[in-house]
Amino acid sequence: MKTTRKTMLGIGLVLLGMCPLPMRAQSALLKQVLLTINSEDGVYAKGDTVKIYGQLTEPLDKPLTMTIYEDGKRMYRTTGEVPISVPIELGKEPKLIYTAVYQRTKAIMVSVSAGTAEASMVGFIVAPEELRPGFEVPADFVRFWNDQKARLRQTTPTAKLTTVKLKGEDAGKYQAYYVEITMPEGNPVRGYLAMPKGAQPKSLPIYMRTRSAGVAGEWCHARVETALEAAKRGNGAIGFDFNAHGYPEGLPNDYYVGLENGELKDYSTRPLVDRESIYYRLMYLRELRALDYLCSLPEWDGRRALVHGGSQGGGQAEALAGLDERITAVVATVPAMTDYGGIRQHRQSGWPAPYEKYAATELGESILPYIDGAMFLQFTKARLFMISGLIDETCHAGCVHAAYNVAISPDKQIHTFPYRWHSGTNAPHDQRWNATVGKRCDEFIDEVLR
């Protein structure tokens with residue numbers, strides 16, 4: 001955990017309140033209000049003083065309300081605590097609108113809203129090093145996944161490669177392919193492969209990119225551009241970008257909308273039945289199949305393999321690292337499928353949120369730990385770079401830190417940002433993000449691949 005840098009500011013009004021946390025899209029930001037906090041990374045020790053400032057960046061004729069959210073959408077209140085909303089008016093200069101001292105581990109989000117649709121938010125976390133996942137590693141966790149891998153590898157992967165024509169300078173320097181890799185069950189692996197032309201045998205690391213949740217959205221699809229960007233990192237790499245579902249790429253969007261409303265409808269929240277039928281089992285095996293294929297390429301240096309993903313892709317990255325020791329580095333940004341048992345520790349559980357209701361049941365305990373990124377991180381010594389967003393309403397910061405704390409990697413780091421939503425940063429803070437967490441992530445990737 002890096003040292004938190006504090007900025008000492010004036011004393012102001014203390015305002016407290018709590019209520020259930022709604023899901024909010026980044027497009028609904030209240031742009032007229034700028035919130036700042038007296039910590040660069042939003043990490044505090046017990047007993048530290050938290051101070052949050054609000055500033056109007058342009059006139060606003062709506063009344064403002066501030067609300068405080070503890071540990072995600074679920075509130076666990078001590079006796080006498082009552083949820084309240086406090087109307088506030090902000091002056092033209094930054095004004096202290098919230099200050100508090102916490103003696104317990106907490107992840108807090110402060111929201112200033114005008115009406116019901118718009119809000120500006122900032123977050124912080126207190127003593128995150130004390131957090132632990134809600135589940136313990138099952139006694140047969142390793143045996144279950146070894147059995148899955150053995151079944152997968154009963155057949156040798158074969159790949160169909162279709163050349164993708166590149167443009168401009170890239171055409172002379174790189175080669176790219178659309179790839180389909182066979183699976184013994186379920187859809188094949190489908191994605192894009194790129195690497196420098198004329199690469200010598202055993203000369204390139206692997207750089208895998210995993211995809212966020214969904215079916216039809218553009219962020220769900222593998223792109224040759226992403227594979228090519230990966231191939232250009234470090235001193236050149238085997239870049240591979242593949243979708244989570246194994247569906248074919250390059251078809252009209254109506255096809256994917258049909259999948260989203262049909263075959264793959266609600267794939268992430270289907271009722272639990274058993275470990276074999278949980279959707280993520282095949283998703284994880286599909287990425288393992290991709291790794292098997294990539295490691296068979298003569299250009300792989302036999303030493304380095306980086307997997308990088310955000311949200312659902314972050315959960316996939318954690319799983320693949322735990323499943324295969326050939327993964328030597330992981331970048332997991334606001335990872336989903338992580339700490340499904342968070343509710344057992346009195347905080348929001350990992351995404352997908354509907355699985356939270358199973359966490360304390362016998363059925364849930366028999367399934368959810370086997371697909372939980374917090375369990376997989378206890379079986380990899382890969383270098384680990386994690387990012388948590390302190391106003392992430394989808395993949396709660398408490399879950400990310402709980403998983404990080406039990407990761408056994410001897411070389412691990414976690415970076416937090418007070419203004420990071422699930423899908424990105426608040427626009428006024430983009431420059432700060434790029435200069436801090438974003439820069440550190442790029443430096444980590446280039447160091448691994450150099």
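Residues are numbered from 1 along each chain as its sequence is written, and side-chain values use heavy atoms, with hydrogens and water left out. In this predicted model, local features need pLDDT of at least 70 and side-chain atom pairs count only at pLDDT 80 or more, while totals for chains, interfaces and linings use all residues.

**Exercise 1.** Describe how helix H1 packs against helix H5.

*Solution.* Step 1: two packed helices are described by the angle between their axes and the distance between the axes. Helices are DSSP runs of H or I with at least four residues, and strands are E runs of at least two, numbered from the N terminus.

Step 1: the axes of H1 (residues 141–152) and H5 (residues 279–296) come within 11 Å and cross at roughly 55°. That makes H1 oblique to H5; angles under 35 degrees count as roughly parallel, over 145 as roughly antiparallel, 65 to 115 as roughly perpendicular and the rest as oblique.

Step 2: contact means heavy atoms within 4.5 Å. Phe 144, Trp 145, Gln 148, Lys 149, Arg 151 and Leu 152 in H1 meet Arg 281, Tyr 284, Leu 285, Leu 288, Arg 289 and Asp 292 in H5. By class, this contact holds 6 nonpolar, 1 polar and 5 charged residues.

**Exercise 2.** State how H5 meets helix H6.

*Solution.* Step 1: the axes of H5 and H6 (residues 312–323) come within 10 Å, crossing at roughly 65°.

Step 1: from H5, the contact is made by Tyr 280, Met 283, Tyr 284, Glu 287, Leu 288 and Leu 291. From H6, the residues are Gln 312, Gly 315, Gln 316, Ala 317, Ala 319, Leu 320 and Leu 323.

Step 2: the classes here are 9 nonpolar, 3 polar and 1 charged.

**Exercise 3.** Identify the residues that touch the most other members of the largest nonpolar core.

*Solution.* Step 1: a nonpolar core is a set of buried Ala, Val, Leu, Ile, Met, Phe, Trp, Tyr and Cys residues joined through side-chain atoms within 4.5 Å. Buried means under 20% relative accessible area, exposed over 50%, and partly exposed in between (1.4 Å probe, protein chains only).

Step 1: the core has 79 residues, of which Leu 193 and Tyr 280 touch the most other members. H5 gives the most to this core, with 12 residues.

**Exercise 4.** Is helix H3 mostly covered or uncovered?

*Solution.* Step 1: H3 (residues 224–231) is mostly covered, with 6 of its 8 residues buried.

Step 1: the buried residues are Val 224, Thr 226, Ala 227, Leu 228, Ala 230 and Ala 231.

Definitions and conventions
Axes are lines fitted to C-alpha atoms, for helices over the stretch in contact, and angles run from 0 to 180 degrees between N-to-C directions. Ala, Val, Leu, Ile, Met, Phe, Trp, Tyr, Cys and Pro count as nonpolar, Asp, Glu, Lys and Arg as charged, and the others, Gly among them, as polar.
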